[in-house]
Amino acid sequence: MSGQKGFDNGMITAKKWQAIIENNASYNDLFFYAVKTTGIFCKPSCKSRVPKKDNVRIFQSAEEALAANYRPCKRCKPTEPNLPDQEWIHSITTFINENYHSKLTLETLADISHGSPYHLQRTFKKVKGMTPVEYIQEVRIVKAKELLIKSNRAVTEISRMVGIPNTPYFITLFKKKTGETPAQYRQSKCNTEE
């Protein structure tokens, strides 16, 4: 059965096994794996527990796995189409915009968006022209500017409200991004409005 895009049909090669262990999203759509003991099949990027290698069966398509009476995983949803990069990143930026005040890491974002941190970092930079961390910082600084102008809250409190509990770090980051400390920014904006 050659002609299957270089993949030995049904065989679990070292590369495929490695992709499953590492939840490697770059192998999605190249193959699917099913677990005989659970009757469920997944994408290689699925974050579910790594199965015993002896219980794994490889399929070229979701249709093949379904025809063999395996059910699609509810976690990685192997029968649903992958979001295009633009839509995927849009869903992540929406999550950041709504949760900027929380602790956000690349791992957290990758987990909620069903991707690997490496793939997320690369795709985000390609789509947005900046890393996820830079985007988070930008959102937090914009929110901090609003709070500095519209409230008389202390800088320490604003720092915590925008998700940066370390006030000296917040002040340094704010100055790096705007050219002014939070206090200078508030003062200059208040002066221009008078």
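Biologist: By class, how many nonpolar, polar and charged residues does the lining of the second largest pocket have?

Modeller: In this predicted model, that lining has 7 nonpolar, 4 polar and 3 charged residues, where Ala, Val, Leu, Ile, Met, Phe, Trp, Tyr, Cys and Pro count as nonpolar, Asp, Glu, Lys and Arg as charged, and the others, Gly among them, as polar. A pocket here is an open set of points on a 1 Å grid over the protein atoms alone, where a 1.4 Å probe fits, with protein on both sides within 12 Å along at least five of seven lines, and lining residues have an atom within 4 Å of a point. Residues are numbered from 1 along each chain as its sequence is written, and side-chain values use heavy atoms, with hydrogens and water left out. Local features need pLDDT of at least 70 and side-chain atom pairs count only at 80 or more, whereas totals for chains, interfaces and linings use all residues.

Biologist: How much space lies in the second largest pocket, and which residues lie nearest its centre?

Modeller: The space is about 270 Å³, a volume filled by probe spheres set on grid points that are joined across faces, edges and corners. Of the 14 lining residues, Val35, Thr38, Ser48, Arg49 and Pro51 lie nearest the centre. The elements giving two or more residues to the lining are β1 (32-35) and β2 (40-42), with helices (H or I, at least four residues) and strands (E, at least two) taken as DSSP runs numbered from the N terminus.

Biologist: Where is confidence lowest and where is it highest among the elements of the chain?

Modeller: Confidence is given as pLDDT, the predictor's value for each residue from 0 to 100; helix α9 (residues 182-193) is lowest, at a mean of 84, and helix α7 (residues 155-161) is highest, at 97. The chain averages 88, and 92% of the residues score at least 70. Over residues 1-8, however, pLDDT stays under 50, and the model has 9 contacts (heavy atoms within 4.5 Å) beyond four places in sequence for them. Where pLDDT is low, the predicted coordinates should not be read in detail.

Biologist: Which residues of the largest nonpolar core touch the most other members?

Modeller: A nonpolar core is a set of buried Ala, Val, Leu, Ile, Met, Phe, Trp, Tyr and Cys residues joined through side-chain atoms within 4.5 Å, and buried means under 20% relative accessible area, exposed over 50%, partly exposed in between (1.4 Å probe, protein chains only). Of the 27 residues in the largest one, Ile92, Ile96, Leu120, Phe124, Val162, Phe170 and Phe174 touch the most other members. At least two residues each come from α3 (85-99), α4 (106-112), α5 (117-128), α6 (132-150), α7 and α8 (167-178), and α6 supplies the largest share, 7 residues. Apart from this core lies another, of 13 residues, among them Trp17, Tyr27, Cys42 and Cys73.

Biologist: Is Thr93 buried or exposed, and what does Thr93 touch?

Modeller: Thr93, placed in helix α3, counts as buried because its relative accessible area is 5%. Leaving out residues up to four places away in sequence, Thr93 touches Phe124, Lys128 and Tyr135.

Biologist: Which values of phi do Asn23 and Asn69 have?

Modeller: Asn23 has a positive phi of about 50 degrees although it is not a glycine, and phi of Asn69, likewise a residue other than glycine, is positive and near 70 degrees.
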